[in-house]
Amino acid sequence: MPGYFPPQFTDTFYETVYESFHPQEHGLICQEFLGVYLRRKTRPDTFEQSMRKLDRRLRLRPSAWRIDATVAKNYLNLVMRHYILGATVMFTKRHLGLELPGPSAGCVRDSAAITVALRFLNTHRTELHQQINATVERAWHERMGCYYILCVMAFDIARKLFSRKGVQRAISELRQRMRPGNTPMGAELELSNLGQFAPMDIRFANFKGPAYWRHDTRFHNMQYYHDFFLDQVCWRLGGYLDHHITWRKYLHLPIFRVGGFFEYSLVRLDYARKRTLPFTRDIGLLAQVVEELMEFVHDVTPFSMHVNMEYSRCLDIPATLEDYKCLFILGGDFGPGPDGHLMERRIGRDEIRGLAHKHQHRSGRDNLLHTVVEFSFIRLLPRGQQSFPLEVLLMCLKGFLFAFRTRKEDLNVIAGLTQWSGDPRRVPAETIDRFCNHVIDGLAKEGSHQNLAEYREVLRATLHQRQKILPE
C-alpha cells in the first residue's frame, strides 16, 4: 500500500516524524487510518481519493476547541490510545506474527494480536500515558486537529514502546490461559461513568435534569463521541455509542447531543452492524481481551457485558426459575437498592429486557445468517473487583446454552426473578448441584473441553461462595 501525507504539513515537525518511518510502515499508517473503510465490499475511490476524502473529514471542527479543555484532552487521549493500539497490533503481526496463536476458524483473524497488544500496552501504562499526554498537549496548543497526523504520532509512540521481549512475554501469558472450543463467541462491553443513567431514556424516566451529563467530569457522558470521530477511531474493537434512541441509532446531529454508553462490540464489522464476525472460539482468549480492555479504558467505568454465542442443537432441558437464579448468582449484581436493602440490581432496577435473546447475525465471512444467543444480564466489574476468573462464567454460559432450551422466557419465570431480585435469597445446595450437572452435560454435548469433573467442582464452589452475601 502506498503512502500519503497531507500537503499542508510539509516542512513541519510532523513530516520529519513521518519520513522517519520505512516506506512499508507508511502503508501500515494509511491502513490504520482508513480503518473500517477497508472492510467494506464496495470501494469506488482510488487509494489517493480515499485518503484525501477521509483526511478532510477527520479534522476537528472549530467548535471542538471551545469544549472544556480537560474534557477535550481526555477525548484526544482516548483517540491516541486507540491509534497506538492499532499500531501495536500491526507491529506485533509484522515482527512476531509466526509466534501468535492461530485465529479460530470463521472468527476475527486479529483476535490474538489485539489481546497481546492490549496486554503489552497495559503493562507499560505509565510510559504510554506520559507519551500520549505530551502529544495531546502539543496538539491542543497548536490547535492541530488533523487525525491523520495524530495517527502518525501514535505510530511513533508505538514504535518507541514496542519491545520484542515484552510482546513475547505477553504472547506466553496469553497461551497459558487459552481454552480452545468449538463454539464461535463474542462480547459487547458497555462502559459509562454515569452507570445506569447513561442512556437518555433512563435519565428521562428517572427525572434526571438536562445537565446530568456533567456528573461525568471526564467525558460528559460521551456527548462529544461523534465530534471526536471515535466511531472511526475505534473500528478495530467495534466501538459505538449506544443511547437507546432507536431513530437516532446511526444518525449524528451535532445540535442534539444525548450521550450514552461507550460500547465495544467485539463482533461488529461495520457501522450499521449489518455484518458481524465472532471474535474467537477460545473462552480463555475472550476472557483475557475483556479484562485487558477494561484496563485499557480505565477512565470509563465498566457497566455490563453481553456475551454472544452461536446457537447449535442443545439437550432441550426446560430452564426453571431456580436455574436462572443460579445464573444471576454467578453473573448478576447484588448490592444496596434505593432503600438501602440488598437487591439484585440488573433485573431489580429494570436494566435489562429478558435474559437470553436469539438473533440472526449475517456473517462477514460467508454472508450467511447464523443464529446467535445473547446473554445480556452480566454485570461488568473492573479486574480487581471480580471475585472469580471470568472463564468460569463463560464456561457456564456455554454449558447453559447447550443444555437448556433457549426460547422466549416464561412470564412466570420473569415474574419470579423480578420478585426474587427485590429480596434475593440463597438457593438450596441441591439446586446448585442439579444446575452444575446440567451445565456439565451441556459442555459434554459441545464436546471441546476436558476435565469437566474438575470444572464442575469449581463452578459449584464459586456459586456457593457468591451466594454467601445473600440471606438464607
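Helix H5 is largely enclosed by the rest of the structure, because 12 of its 13 residues are buried. One caution before I go on: this is a predicted model.

Let me stay with H5. The helix runs over residues 111-123. Which of its residues are buried? Ser111, Ala112, Ala113, Ile114, Thr115 and Val116 are.

Next, the core. The largest nonpolar core has 150 residues. Which members touch the most others? Tyr147, Tyr148, Met222 and Phe228. Helix H4, residues 69-96, gives the largest share of this core, with 15 residues.

Take Phe228. Setting aside neighbours within four places in sequence, Phe228 is in contact with Leu60, Ala64, Ile67, Ala72, Tyr75, Leu76, Val79 and Tyr147. Tyr147 is another of the residues that touch the most core members.

Now the rings. The count comes to 23 aromatic pairs. Phe5 and Tyr18 make one of them, a tilted pair. Their centres are 5.0 Å apart, with 35° between the planes.

A second pair is Trp65 with Trp140. The ring centres are 5.3 Å apart and the planes meet at 55°, so this pair is tilted. Trp65 lies in the loop between H3 and H4, while Trp140 lies in helix H6, residues 125-142. The pair therefore ties together parts that are 75 residues apart in sequence. Trp65 and Trp140 are both buried.

There is also a ring cluster. Ring pairs link Tyr324, Phe375, Phe400, Phe404 and Phe435.

Two arginines sit over rings. The charged end of Arg143 is over the ring of Trp140, 4.8 Å from its centre. Arg138 lies over the face of Phe13, at 4.0 Å from the ring centre.

On to cysteines. How many disulfides does the structure hold? The count is 0. The cut-off here is 2.5 Å between sulfurs. For Cys436, the closest cysteine sulfur is in Cys326, at 7.1 Å, again too far for a bond. Cys396 is buried at 0% relative accessibility. Cys436 is buried as well, with a relative accessible area of 0%.

Ser50 lies in helix H3. Ser50 is buried, with a relative accessible area of 6%. Beyond residues up to four places away in sequence, Ser50 touches Leu34, Tyr37 and Asp45.

Follow Leu34. This leucine lies in helix H2, residues 23-34. Is Leu34 buried or exposed? Buried, at 3% relative accessibility. With residues up to four places away left out, Leu34 touches Phe47, Ser50, Met51, Leu54 and Gln232. As for distance, the C-alpha atoms of Leu34 and Gly97 are separated by 22 Å, and the two residues are 63 apart along the chain.

Last, backbone angles. Most residues other than glycine have a negative phi. Two residues here are worth a look. Asp316 is not a glycine, yet has a positive phi of about 65°. Where is Asp316? In the loop between strand E4, 302-310, and helix H12, 321-331. Asp316 is partly exposed, with a relative accessible area of 34%.

Asn451 is the other. Asn451 has a positive phi of about 55° and is not a glycine either. Asn451 is found in the loop between helix H16, 429-446, and helix H17, 452-466. Asn451 is exposed, at 55% relative accessible area.

Notes. Residues are numbered from 1 along each chain as its sequence is written. This is a predicted model: local features need pLDDT of at least 70, side-chain atom pairs count only at pLDDT 80 or more; totals for chains, interfaces and linings use all residues. Side-chain values use heavy atoms; hydrogens and water are left out. A nonpolar core is a set of buried Ala, Val, Leu, Ile, Met, Phe, Trp, Tyr and Cys residues joined through side-chain atoms within 4.5 Å. Buried means under 20% relative accessible area, exposed over 50%, partly exposed in between (1.4 Å probe, protein chains only). Helices (H or I, at least four residues) and strands (E, at least two) are DSSP runs, numbered from the N terminus. Contact means heavy atoms within 4.5 Å. Rings of Phe, Tyr and Trp (its six-membered ring) pair if their centres lie within 6.5 Å; planes under 30 degrees apart count as stacked, over 60 as edge-to-face and the rest as tilted. A charge sits over a ring if NZ of Lys or CZ of Arg is within 6 Å of the ring centre and within 35 degrees of the ring normal. The expected span of a helix is 1.5 Å times one less than its number of residues.
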